[in-house]
Protein chains: 2
Amino acid sequence: MPSKVPSSIKDGHTHKISEATVSRLPAYYRALSQLADAQQIRISSEELAALTGVSSAMLRKDLSHLGSYGTRGVGYEVEFLRYQISREMGLNQDWSVVIVGVGNLGRALAHYGGFGSRGFRVVALVDADQTLIGTKVKCGAEGKTVELLVHALSDLEDVIKETNARLGVVATPAESAQVVSDRLVKAGIRSILNFAPVHLSVPEGVDVRKVDLASELQILAFHEQRKAI
Amino acid sequence: MPSKVPSSIKDGHTHKISEATVSRLPAYYRALSQLADAQQIRISSEELAALTGVSSAMLRKDLSHLGSYGTRGVGYEVEFLRYQISREMGLNQDWSVVIVGVGNLGRALAHYGGFGSRGFRVVALVDADQTLIGTKVKCGAEGKTVELLVHALSDLEDVIKETNARLGVVATPAESAQVVSDRLVKAGIRSILNFAPVHLSVPEGVDVRKVDLASELQILAFHEQRKAI
DNA sequence: ACACATTTGTGCAAAAAAGCACAAATCGTC
DNA sequence: GACGATTTGTGCTTTTTTGCACAAATGTGT
């Protein structure tokens with residue numbers, strides 16, 4: 001009977017991780033990556049919490065859902081914790097992304113370095129605009145930029161099949177977003193990041209996350225207005 | 001003693017509106033605007049909820065925090081409700097926005113039509129890059145584009161003072177974000193929209209909202225990974 | 001070997017958010 | 001003018017999230 005189980009097996013937490021926790025893991029991951037780059041070995045929950053803007057108690061509870069990766073009286077090992085989070089979030093595998101809509105925003109997203117940060121790779125660009133189709137667009141930040149051809153919207157399904165894209169980014173005008181979303185889903189995409197200012201209705205089993213610039217400004221304005229009083 | 005008070009006074013709800021509600025108001029507002037454009041007069045909570053992806057009960061409770069603007073057995077008047085939300089959120093006044101960082105993302109934001117959607121106007125662009133300073137960048141969507149000069153980061157305080165900007169957008173690399181944020185705050189900005197992938201620490205009384213593309217993708221990846229099992 | 005200073009992990013309480021169900025109010029019709 | 005069909009507004013319950021406080025575990029120094 002083994003009294004000590006290897007950690008790689010022990011930590012098979014299939015715990016239900018709360019949505020609130022999941023939404024904070026990326027921030028922890030990023031902070032830990034920066035600390036690792038800076039050669040820092042260990043960090044306490046208090047410090048990491050300060051770096052990410054949460055309370056230390058919340059941070060500890062979040063991390064405890066992944067497993068018991070800290071050492072009491074000492075703290076967390078930066079590199080080890082970073083790896084555990086990346087594994088939990090599926091960042092040790094490669095995620096291929098298709099961007100639909102190569103307007104100003106779509107191009108900015110394609111360029112965006114942080115986008116391609118470990119694990120995510122833009123593998124296809126699609127647009128409906130005839131003047132854009134066939135043109136080349138630079139993808140990725142400095143270091144390793146790739147030029148990608150803009151494909152026709154009508155080829156969306158084929159492009160997804162060929163590139164094995166699993167994440168879809170909708171950066172089209174609001175009018176076309178729902179149609180594009182429907183086609184992404186039909187082509188097998190089950191995770192969509194939506195930048196178009198509309199609610200996308202999708203069948204169960206498909207996740208949509210929305211990034212809405214105007215909404216964010218409006219929320220800020222709401223609070224700003226109240227401050228003036 | 002007046003038995004009926006004018007609605008402009010009656011609805012002086014200084015109720016504490018919950019953060020969750022505030023975050024949904026922009027979606028309601030947008031849907032209502034579209035309905036108004038389509039000349040629709042009335043809408044039920046059920047329909048509006050479907051358009052915005054929330055439950056009808058939640059929608060009604062959200063709206064009830066603003067006042068009693070519906071009619072039982074009938075629904076809500078589109079234009080009236082839209083106006084009430086816009087008033088509550090401070091969208092009937094003009095909000096001037098300064099964008100710091102005119103890289104790919106900053107330019108896309110400046111161009112973004114929805115950004116300038118009712119109430120918000122980009123009034124200044126600032127960057128540290130010498131090769132960008134002095135150049136002109138088109139702002140706003142088709143219809144009424146304005147060319148804005150890119151100002152030097154060293155002039156940030158003056159630019160804010162001259163343009164009376166009240167909202168600040170940080171679209172710089174992560175390294176410079178905190179410094180820029182500090183200067184925005186010192187210049188009087190108390191509402192910041194942060195696109196840089198770092199947590200900004202600001203004094204009490206200052207609001208920061210963060211838009212993080214990589215985080216959103218990571219959250220999607222987390223769920224996508226779980227689906228595969 | 002033992003006391004002490006840290007720091008994690010977590011049980012429990014409080015607060016916030018979401019969901020349910022139904023009474024109250026309104027409209028159209030007979 | 002009363003009745004039935006709708007649809008809002010809301011009290012109450014359930015779930016989720018946050019916050020607190022402290023026991024358990026570790027390292028250090030004597």
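A cavity is a set of grid points where a 1.4 Å probe fits but cannot get out, and its lining residues have an atom within 4 Å of a point. The exercises below apply to a predicted model.

**Exercise 1.** Find which residues line the largest cavity and describe the lining by class.

*Solution.* Step 1: the structure holds one cavity of 30 Å³ or more, and the volume of the largest cavity is about 30 Å³. Step 2: chain A lines this cavity with Leu105(A), Leu109(A), Phe195(A) and Leu213(A), and chain B with Leu105(B), Leu109(B), Phe195(B) and Leu213(B). Step 3: helix H6 (104–111) of chain A and helix H6 (104–111) of chain B are the elements that give two or more residues to the lining. Step 4: by class, the lining has eight nonpolar residues, with no polar and no charged ones.

**Exercise 2.** Describe the protein surface near DNA strand C, and state which polar backbone atoms contact its phosphate oxygens.

*Solution.* Step 1: there are 26 residues around DNA strand C, and Ser45(A), Gly73(A), Tyr76(A), Arg24(B) and Lys61(B) come nearest. Step 2: a polar backbone atom of Ser45(A) is 2.5 Å from a phosphate oxygen, and a backbone N or O atom of Tyr69(A) is 3.4 Å from a phosphate oxygen. Step 3: the polar backbone atom of Gly73(A) instead lies 3.0 Å from a sugar or linking oxygen. Step 4: the elements giving two or more residues to this surface include strand E2 (70–71) of chain A and helix H2 (19–37) of chain B.

Terms used
Residues are numbered from 1 along each chain as its sequence is written. Chains are lettered from A and ligands numbered from 1 in the order in which they are written. This is a predicted model: local features need pLDDT of at least 70, side-chain atom pairs count only at pLDDT 80 or more; totals for chains, interfaces and linings use all residues. Side-chain values use heavy atoms; hydrogens and water are left out. A residue is near a molecule or strand if one of its heavy atoms lies within 4 Å of it. A polar contact is a pair of N or O atoms within 3.5 Å; within protein, one must be able to donate a hydrogen and the other to accept it, and residues adjacent in sequence count only if both atoms are side-chain atoms. Helices (H or I, at least four residues) and strands (E, at least two) are DSSP runs, numbered from the N terminus. On a 1 Å grid over the protein atoms alone, a cavity is a set of points where a 1.4 Å probe fits but cannot get out, and a pocket is an open set with protein on both sides within 12 Å along at least five of seven lines; lining residues have an atom within 4 Å of a point. Grid points are joined across faces, edges and corners, and a volume is the space filled by probe spheres set on the points. Ala, Val, Leu, Ile, Met, Phe, Trp, Tyr, Cys and Pro count as nonpolar, Asp, Glu, Lys and Arg as charged, and the others, Gly among them, as polar.
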